[in-house]
Amino acid sequence: MSKSPFTNINHVFNEDGMRLNIDKLIAHDPTIWKPSVSNELGRLATGIRDVKGNQAIVFISKSTILSNKKITYAHMVCDYRPDKDDPFRTRLPIGGDKLDYFGNSSSPAASFLETKLIINSVISDVHKGPRFATLDIKDHFLQSLLPEPEYMKIHGKYFSDDIRSKYDIDSIIDADGYVYCKIIKGMYGLKQAAMLGRENKIKVLKPFGYSPDLMAPNIWKHMTKPTKFCLCVDYFGVKYFSTKDLNHLLMALKTAFTISLDTSRTKYCGLNLNWKYQQEYVNISMTNFVTKTLEKL
């Protein structure tokens, strides 16, 4: 009897712990993974079905690309996220290594140290009444305009009938079998994406009084309010003292982004948080981390 290509714990790993690529996933279950790919292509473009688009890419004819522009590849990455509304997720990073970018692409990267600092700050001041919340920006990288467009190609085999019909793909697909795209917003894989995303958040939040700390660039403060937050790319761990203060931060972010708020305040950056405000401590754990790692390996 042949082995099933999937384990019980994760739909994208085989029994040897190897991540399966999109072609193998589609071959095994096209009813799940073809729509997943269509959802991602629509999310990057102007939408498909009930999936909202971000207008980050435009499908174009290869002949419209200037001869001096490099064209990179697309690499589809799949994951199974049972905690999400759509658990079978496809994301499309691009090969930034194939593109020329000579500007500043560095962006501060949050560490566990900063995460623990903001959590400890809540506990240290717990007698003053602070609480902890988490916020998440949806499609973070896709909200930042590029100074100039980049280009990539995606093989035509990944375009199902729904995407082909909406975007008239058959009229622009090249003789080499690829569909070419103009990238006009940040995408995963672009060297400048993280830097542009950070600059965009600074631009959005500065008028409302929020800015990074000069000494700890991933800890942000407000000019007059006691609100602080740790920022890990698009994931906010917020220390706040009143619902009014939290709503002020939400209002500022919602002027430019779609935000999800975790009112349970029990998870942040892979940590499970069990807050004991009255007892002035928090239990931190990573449930099943060892078990899941052993199963994967």
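This is a predicted model: local features need pLDDT of at least 70, side-chain atom pairs count only at pLDDT 80 or more; totals for chains, interfaces and linings use all residues.
K69 is joined by a salt bridge to E148, and the closest N and O atoms of the two residues are 3.0 Å apart. This pair links distant parts of the chain, since K69 belongs to the loop between β3 (57-60) and β4 (71-73) whereas E148 lies 79 residues away in strand β8 (residues 145-155). E148 likewise counts as partly exposed, at 48% relative accessibility.

The salt bridges in the structure come to a count of 11. In one of them, R43 is paired with E40, with 2.9 Å between the closest N and O atoms. Because R43 and E40 are 3 residues apart in helix α2 (residues 30-44), about one helical turn separates them. Both R43 and E40 are buried, and the two residues also take part in a network of salt bridges that links E40, R43, R91 and D139.

A further salt bridge is formed between K221 and D213, whose closest N and O atoms are 2.9 Å apart. Here K221 is partly exposed, with a relative accessible area of 36%, while D213, at 19% relative accessibility, counts as buried, because buried means under 20%.

Turning to helix α6 (residues 243-254), this element contains N247, which is partly exposed with a relative accessible area of 41%. Along the chain N247 and L261 are 14 residues apart, and a distance of 11 Å separates their C-alpha atoms.

Definitions and conventions. Residues are numbered from 1 along each chain as its sequence is written. Side-chain values use heavy atoms; hydrogens and water are left out. Helices (H or I, at least four residues) and strands (E, at least two) are DSSP runs, numbered from the N terminus. Buried means under 20% relative accessible area, exposed over 50%, partly exposed in between (1.4 Å probe, protein chains only). A salt bridge is a side-chain nitrogen of Lys or Arg within 4 Å of a carboxyl oxygen of Asp or Glu.
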